[in-house]
Amino acid sequence: MRTFLPHIGRSQDNDNEPHGAPMLIRRPADILPSEITPQDVYRHRRRFMRDAGALALAGSALALGAWPRTSMASVRKLEPLLPSEFSTDEGLTEIESVTSYNNFYEFGTGKTDPMTHAHKMQVRPWTVSVEGLAARARTFDIEDLLRIAPLEERIYRLRCVEAWSMVIPWVGFPLSALLKEVEPLGSAKYVEFVTHYDPEIMNRRPIIDWPYTEGLRIDEAMHPLTILSVGLYGQVLPNQNGAPIRLVVPWKYGFKSAKSIVTIRLTENEPATAWNKAAPQEYGFYSNVNPEVRHPRWTQATERRIGELRRRPTLMFNGYGDQVAHLYQGMDLKTFY
Amino acid sequence: MSSSSLLAGLRSPAPALLVAIRIAVFTACLAPALLLANEWFAMRLGANPIEAVTHATGDWALRMLLITLAVTPLRRFTGLHWLIRLRRMLGLFAFFYASLHFAAYVWLDLYFDWGAIALDILERPFITVGFAAFVLMIPLAITSTQGAMRRMGGQRWQALHRSVYGIAILAVVHYWWLVKADIREPLIYALILAALLGVRAWWREQERRRQLAAIPGSPSFKGKVIRIVPK
């Protein structure tokens with residue numbers, strides 16, 4: 001069941017539209033941050049009562065102009081959103097869980113560390129350099145990236161290698177739309193993603209070879225399921241979820257979906273990836289969700305959907321086999337794990 | 001009460017005081033379990049409460065194990081010999097939390113999927129050693145009574161209960177191998193365990209030397225040579 005978002009601000013008029021119906025393209029909402037009730041407050045009055053004091057503080061900080069821009073952005077609504085044929089109709093994971101249970105080791109290895117610390121990251125101004133083997137390689141401002149293609153809502157399953165999963169309504173656009181803009185050369189066989197690293201505000205201990213990097217084969221990167229996400233639950237991406245722009249590759253384990261990307265590089269050779277460097281016998285370059293490939297720490301045969309008590313079986317390619325299995329024809333996925 | 005009489009009271013507490021201490025320690029040891037249960041039912045354990053319970057019970061099993069191993073060194077350093085009378089309770093609490101940890105895994109996490117549990121134990125090294133540590137604790141818990149100690153005889157009982165050192169090592173390795181990166185926390189437990197085992201090794205070595213030194217003719221014999229030579 002798809003739960004509908006409570007609408008915030010002025011636009012209340014598309015609540016009754018059937019799913020899949022084309023939506024009217026409206027003028028982007030120019031709502032003042034002060035007009036917006038954060039969604040979790042809207043939905044959870046108890047928490048609102050507890051947080052009321054903090055909000056009051058935030059309000060006064062706003063008045064003084066001292067509140068960081070990132071926090072204002074974190075409640076900004078993204079509109080309009082196109083529905084997607086790739087969306088699942090499974091029940092959504094609560095936004096509280098999506099934004100409080102994160103692996104973002106730059107901000108600490110505890111699941112709630114990113115929620116606590118990620119606000120220190122400034123996500124404006126932000127640029128993404130698209131470089132390497134491309135005819136029109138160049139640097140994009142985040143505001144331009146938001147206009148590369150119409151923003152879509154993509155409700156995807158997310159399967160973490162730690163054997164938990166979520167269903168998240170991402171907001172984003174196909175990575176292919178950006179890559180087409182820069183015209184990749186024929187020699188470009190892979191795409192490398194480099195993420196933001198600022199030792200002043202992030203983890204300085206070398207638990208991973210910072211900055212965190214990830215990679216895809218070019219056909220994986222061009223696949224219509226692969227998106228760059230700029231939001232979730234209809235709102236601007238919270239910092240702990242990888243603001244202002246992150247990768248989402250739903251048929252691979254979550255760590256492939258790099259957060260807070262600053263460089264996208266087209267390369268001829270397979271790029272090194274952060275977890276593969278940290279533990280090559282555990283994390284391969286491909287890291288497709290695969291219940292058949294055993295992992296030394298977690299069973300990959302089953303998973304716990306956050307919010308549920310019983311485990312459920314893990315699906316090959318996280319249930320996206322119909323769309324992506326052909327990419328790996330003739331490959332031994334136990335070798336190329 | 002003057003400080004010297006307080007000290008004297010601590011050195012050999014009255015039976016009533018000892019009972020009070022035992023009740024206080026028991027309550028303190030049980031408190032984490034009660035708080036955890038309360039958080040569970042109040043749904044305050046975050047997005048993945050099963051993981052939270054599994055981790056918390058595992059943490060406390062390891063902590064109680066190390067506290068139990070700290071009793072003997074603490075007793076020798078402070079001279080508070082009655083501390084030994086808390087050791088069995090502390091050890092049983094270590095087993096209690098290990099049992100909760102195992103139950104959380106078998107029941108909450110895998111819901112009695114014995115096939116998956118068997119695969120875990122066989123295939124995942126951190127679970128193999130964790131399971132071994134738990135299984136090895138069972139005979140210690142069973143033989144923790146006065147009656148068992150009497151039936152076994154002091155020496156055999158002590159020999160069996162020395163396996164707690166191995167269990168503690170397995171437990172720390174279990175935690176170490178579980179973490180993906182950032183081994184700081186398991187490292188802290190490992191250092192504490194190393195100190196607790198190291199002080200015992202040192203005592204043993206001192207004892208060996210002392211015994212050696214008491215044997216006339218040994219290279220380290222330090223006793224006075226009393227010649228009994230007829231004049």
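1. A quick word on terms: two strands pair if DSSP finds at least two bridges between them. Strands (E, at least two residues) and helices (H or I, at least four) are DSSP runs, numbered from the N terminus. With that in hand, S165(A) stands opposite R305(A) in β11(A).

2. Some ground rules before going on. This is a predicted model, in which local features need pLDDT of at least 70, side-chain atom pairs count only at pLDDT 80 or more, and totals for chains, interfaces and linings use all residues. Residues are numbered from 1 along each chain as its sequence is written, chains are lettered from A and ligands numbered from 1 in the order in which they are written, and side-chain values use heavy atoms, with hydrogens and water left out.

3. What does β4(A) pair with? Strand β3 (residues 152-159) of chain A runs antiparallel to β4(A), and eight bridges join them. Within that pairing, I155(A) faces P169(A). Four residues separate the two strands of this hairpin, and A163(A) there has a positive phi near 70 degrees.

4. There are further pairings to follow. β4(A) and strand β7 (residues 227-232) of chain A are antiparallel, with five bridges between them; V171(A) has G231(A) as its bridge partner in β7(A). Strand β11 (residues 302-305) of chain A, by contrast, is parallel to β4(A), and two bridges join them.

5. Now for the backbone geometry. Most residues other than glycine have a negative phi, and most peptide bonds are trans, so the residues in the next two points deserve a look.

6. One joins E79(A) and P80(A), with omega about -10 degrees, and P80(A) sits in the loop between α3 (69-73) and α4 (95-100) of chain A. Another runs from A243(A) to P244(A), with omega near 0 degrees; P244(A) belongs to the loop between β8 (235-236) and β9 (246-248) of chain A.

7. Where do positive phi values turn up in loops? E183(A), with phi near 55 degrees, is in the loop between α7 (175-182) and β5 (190-195) of chain A. F317(A), with phi near 50 degrees, is in the loop between β12 (312-313) and α10 (321-324) of chain A. Are they buried or exposed? E183(A) counts as partly exposed because its relative accessibility is 40%, whereas F317(A) is buried at 5%.

Conventions. Buried < 20%, exposed > 50% of the residue type's maximum accessible area, 1.4 Å probe, protein only.
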